[in-house]
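Hi everyone, thanks for coming. Let me put the structure up on the screen, and then we can walk through it together.

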Amino acid sequence: MTNNILEIKHLVKKFGDFTAVDGISLEIKSGEIFGILGPNGAGKTTTINLILGLLKPTSGAIKVDGIDISTGGDKVKKMMGLMTQETVVDGDLSARDNLEIFAELYHVPKGEIAGKIDEALNEADLSNFSERQSGTFSGGMQRRLTLVRAMIQDPRLLILDEPTTGLDIQNRVSMWGHIRDLTKIGVTIILTTQYLEEADALCDRIAIIDHGKIRAIGTASELKKMVGAGRILEIIFENESQAQQASALLKGHFKLSPNVKGDKLDAALEKWDAKVLPEILAALEKKKLTVASINVHLPTLDDVFIKLTGSGMRDSAEETHVSARSNMFIRR
Ligand SMILES: Nc1ncnc2c1ncn2[C@@H]1O[C@H](COP(=O)(O)OP(=O)(O)OP(=O)(O)O)[C@@H](O)[C@H]1O
Ligand SMILES: [Mg+2]
């Protein structure tokens, strides 16, 4: 017996000549919160649609609770609940009616529907708004409604496609609490995200995907150890040409391997020794390279992403400003 709720082997999905999912294999244990972290277009939604059986794979196999989804039919589909990337609630209907339609769609027994809906409204902190048209809800309220709606048929595997994209930081953190609560009742959760800090704060294990491939998989701390550095040095210069010159200097004199993006330079410091900072600053000063800002920090998942792909997650994410801002609040 395996305690894997999901097993994916060599999954490939092509759209014409384009390969959106390029040989993904992974196993998800019962009860964990598993994060699929990747920038726009990485293949997150496609992977999810394949797991749900909404798309047919080009090749590869998916088993949910040991059952192959290509032959498992409704039995497998009923085990899974989905919160879609776009919030799709019927704005003309009340929160209660939105949940009721879903309950009927998923054949929740008639006698259980009212109780389930009360429970769901309570979990989503929407009990006081149950009769209000959901179109009048804030973004956060609508996302919470879609979250509990995905739970209405008691799925064992709950799939959340970017549950917090577009939410402000308060709503995002509150959503994390609601998601964590669900694991207490034994649900396994797969969520996709573009937010490094979300994967870090919420997920037991994380797969970093880029261009349809898994680049790394593990707990947040295992992934951070992959950077193999005591600290990350980050320097912003007056312009890109200065950053390039500084990069050459740090390579030559300090045996570092910097990454330069625009006016910003990142470099891993294998062994942290505070004495190296004044030495670096003096060397830069000597070459008349003007430091606009300098910072040293413990490796984050962003550093892992840079190490794996050569560019920052946020450089490719659409909502750069939101991500960077929220990172300031909760960087750990
Ligand atoms: N039906 C389709 N036909 C052609 N190309 C597609 C189709 N669906 C997705 N793609 C392409 O596959 C790639 C992966 O898309 P996918 O929606 O899985 O990315 P994602 O990681 O969910 O991104 P986002 O964070 O923007 O939601 C993208 O380049 C996308 O344009
Ligand atoms: Mg998507």
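Here is a question to get us started: how far apart do the C-alpha centres of domain 1 and domain 2 lie? They are 35 Å apart. Please keep in mind that what you see is a predicted model. The division I'm using puts residues 4-224 in domain 1 and residues 226-330 in domain 2.

Now for the overall picture. The C-alpha trace spans about 80 × 45 × 35 Å along its principal axes. There are 13 helices and 14 strands in the protein. Of its 332 residues, 41% count as buried. And if you take the contacts between residues at least 6 apart in sequence, 70% of them join residues at least 24 apart.

Let's go inside. The largest nonpolar core has 69 residues, and Val64, Leu157, Leu158, Ile159, Ile189 and Ala199 are the ones with the most contacts inside it. Helix α5, residues 139-150, gives this core its largest share, five residues. As a general reminder, nonpolar side chains tend to be buried together in soluble globular proteins.

Once you leave aside its neighbours within four places in sequence, Ala199 is in contact with Gly35, Leu37, Thr193, Ile206, Ala220 and Leu301.

Six strands make up an open sheet with mixed pairing, and the order is β6-β7-β8-β3-β9-β10. Why do β6 and β10 each have one side without a neighbour in the sheet? Both stand at the edges, β6 at residues 80-83 and β10 at 213-218, and each has a single partner strand, so one side is left without a neighbour. On average, neighbouring strands in this sheet are turned by 15° against each other, ignoring direction.

If you zoom in on β9, residues 205-210, you'll find five bridges joining it to β10, and the two strands run antiparallel. Within that pair, Ile208 stands opposite Ala216 in β10. Helix α5 comes back at this point: it packs on the sheet, where it touches β6 and β7 (157-161), and its direction makes about 170° with that of β6.

Let's move to the ligand. How many residues surround ligand 1? There are 13, and the closest are Phe15, Ala20, Lys44, Thr45 and Thr46. Two elements, β2 (18-29) and α1 (44-51), each supply at least two residues of that shell. The largest share, three residues, comes from α1.

One last stop, Lys63, which you'll find in strand β4, residues 59-64.

Technical notes:
Residues numbered from 1 in each chain as written. Chains lettered and ligands numbered in written order. Core = buried A, V, L, I, M, F, W, Y, C linked by C-beta atoms within 7 Å. Buried ≥ 20, exposed ≤ 12 C-beta atoms within 10 Å, placed from the backbone. Helix = DSSP H or I, 4+ residues; strand = E, 2+ residues; numbered from the N terminus. Contact = placed C-beta atoms within 7 Å. Domains from an automatic or database assignment. Pairing = 2+ DSSP bridges. Axes fitted to C-alpha atoms, helices over the stretch in contact; angles between N-to-C directions. Near = placed C-beta within 6 Å.
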